Amino acid sequence: MHRRKPDWLKVRLPGGPGRARVKAVLDRQRLHSICQEARCPNMAECFREGTATFLIMGNVCSRHCLYCNVIHGRPAALDENETDRLADAVAALDLKYAVITSVTRDDLPDGGAAVFVRAIAALRERVPGCRVEVLVPDFQGNDEALKQVLDAGPAVLNHNMEVVPGLFSRLRPQGRYDVSLGVIRHAAQDGGVAVKSGFMVGLGESLRDIRGLLKDLRGAGCGHVTVGQYLQPTRDHYPVQKYYHPDEFEAIRKLAEGMGFGRVEAGPLVRSSYHAARAYPDGRSQHVMEHD
């Protein structure tokens, strides 16, 4: 059943000089952004502010999650010059904080970890002082691949759980809850990086499910969590089961804060990278600082 969006979910389409500038840079450097691929509702605001979340390793994902609008199929070969063009784009946009994510590349032995490492190094060389947040896949539980990325020294390591554990097998059939939680735990044990995760609501979960996921994330060492409303990209995707009211998101925020998360973003339009730079004004999270 198709549910009509409530008023609080209506947003303006992207426009204006900020959007044109970001799009022009992405087009010139032949780069993708998850903002466009996933039809993010905050694209207008972020593009106006001159920011974007860069999508590396192409725009075709090796997995098929039922809620995701990114193309799935057989990914193309890696573009060896992509990370250099990424660094040029960040320099052209004069970014002080860059968010880099990727499609899932189960076809690569290391899941693409080496490309994240090259991207971080390229940014460090081309744009000194720019802080980097990486939003990584689960690398199929390959701890060595994750360690390579952590050793490269990003300011923030983000891995999204996306959905509560009871919905994993249905909506993320090629993923595993324990593997994703393991990414968070491993990154937190590293000790030198802020650890972040996020998930969506509106897919059929209960408040008990939400509480359980938050508890698991906090227990794994996650210090920053984002919670947003699932929006069905097309009629072919998994249908929305519920639209949460802003007051319900406020209750989730207070629940998470009560569990000890250093930073909580919860709201209908919240996405993993929304206001990411504002959360880490000095490149480190409250959670990391509290444990120094």
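Predicted model: local features only at pLDDT ≥ 70, side-chain atom pairs only at ≥ 80, totals over all residues.

User: Thank you. How many helices and strands are there in the protein?
Analyst: The protein has 12 helices and 10 strands. Of its 292 residues, 55% count as buried.

User: And among contacts between residues at least 6 apart in sequence, what percentage join residues at least 24 apart?
Analyst: The share is 75%.

User: Let us turn to the helices. How does one describe two packed helices?
Analyst: Two packed helices are described by the angle between their axes and by the distance between those axes.

User: Then take helix 4 and helix 5. At what angle do they cross?
Analyst: Helix 4 and helix 5, the latter spanning residues 113–126, cross at roughly 40 degrees, and their axes come within 9 Å. The two helices are therefore oblique to each other. Their crossing is right-handed.

User: Which residues meet there?
Analyst: From helix 4, the residues are Glu 82, Thr 83, Asp 84, Leu 86, Ala 87, Asp 88, Val 90 and Ala 91. They meet Val 115, Arg 118, Ala 119, Ala 122, Leu 123 and Arg 126 of helix 5. By class, the residues of this contact divide into eight nonpolar, one polar and five charged.

User: Which residues of helix 4 are buried?
Analyst: Helix 4 covers residues 82–92, and its buried residues are Glu 82, Thr 83, Arg 85, Leu 86, Ala 87, Ala 89 and Val 90.

User: What about helix 5: which of its residues are buried, and what covers them?
Analyst: The buried residues of helix 5 are Ala 113, Val 115, Phe 116, Ala 119, Ile 120, Ala 122 and Leu 123. Their cover includes helix 4 and helix 6, together with strand 2 (53–56), strand 5 (97–102) and strand 6 (131–135).

User: How far does helix 5 reach from its first C-alpha to its last?
Analyst: Helix 5 has 14 residues and reaches 20 Å, close to the 20 Å expected at 1.5 Å a residue.

User: Back to helix 4 for a moment. What comes just after it?
Analyst: Just after helix 4, Asp 94 takes a positive phi of about 55 degrees, although Asp 94 is not a glycine. Asp 94 is placed in the loop between helix 4 and strand 5.

User: Is Asp 94 buried or exposed?
Analyst: Asp 94 counts as exposed because its relative accessibility is 52%, and the cut-off for exposed is over 50%.

User: Where does Glu 162 lie, and what is its phi?
Analyst: Glu 162 lies in the loop between strand 7 (156–158) and helix 7 (168–171). Its phi is near 75 degrees, a positive value in a residue other than glycine.

User: Next topic: how do helix 6 and helix 8 cross?
Analyst: The axes of helix 6 (residues 143–151) and helix 8 (residues 177–190) come within 11 Å and cross at roughly 45 degrees. That angle makes helix 6 oblique to helix 8. Helix 6 passes helix 8 in a right-handed crossing.

User: Which residues make the contact?
Analyst: Helix 6 contributes Asp 143, Leu 146, Lys 147 and Leu 150, while helix 8 contributes Val 183, His 186, Ala 187 and Asp 190. This contact has four nonpolar, one polar and three charged residues.

User: At what angle do helix 9 and helix 10 pack?
Analyst: Helix 9 (residues 207–220) packs with helix 10 at an angle of about 35 degrees, and their axes are 10 Å apart. The crossing is right-handed. Leu 207, Ile 210, Arg 211 and Leu 214 of helix 9 make the contact with Ile 252, Leu 255 and Ala 256 of helix 10. By class, there are six nonpolar, no polar and one charged residues in this contact.

User: Where is Glu 257 found?
Analyst: Glu 257 is found in helix 10, which runs over residues 246–258. With a relative accessible area of 38%, Glu 257 is partly exposed. Its C-alpha atom is separated by 9.7 Å from that of Val 225, 32 residues apart along the chain.

User: What does Ser 272 touch?
Analyst: Not counting residues up to four places away in sequence, Ser 272 touches Glu 133, Leu 135, Asn 158, Asn 160, Lys 196 and Thr 226. The C-alpha atoms of Ser 272 and Lys 196 are separated by 8.8 Å, with the two residues 76 apart along the chain.

Terms used: Residues numbered from 1 in each chain as written. Heavy atoms only, no water. Buried < 20%, exposed > 50% of the residue type's maximum accessible area, 1.4 Å probe, protein only. Helix = DSSP H or I, 4+ residues; strand = E, 2+ residues; numbered from the N terminus. Axes fitted to C-alpha atoms, helices over the stretch in contact; angles between N-to-C directions. Parallel < 35°, antiparallel > 145°, perpendicular 65-115°, else oblique. Left-handed = near helix turned anticlockwise from the far one by under 90°. Contact = heavy atoms within 4.5 Å. Nonpolar A, V, L, I, M, F, W, Y, C, P; charged D, E, K, R; others polar. Expected span 1.5 Å × (residues − 1).
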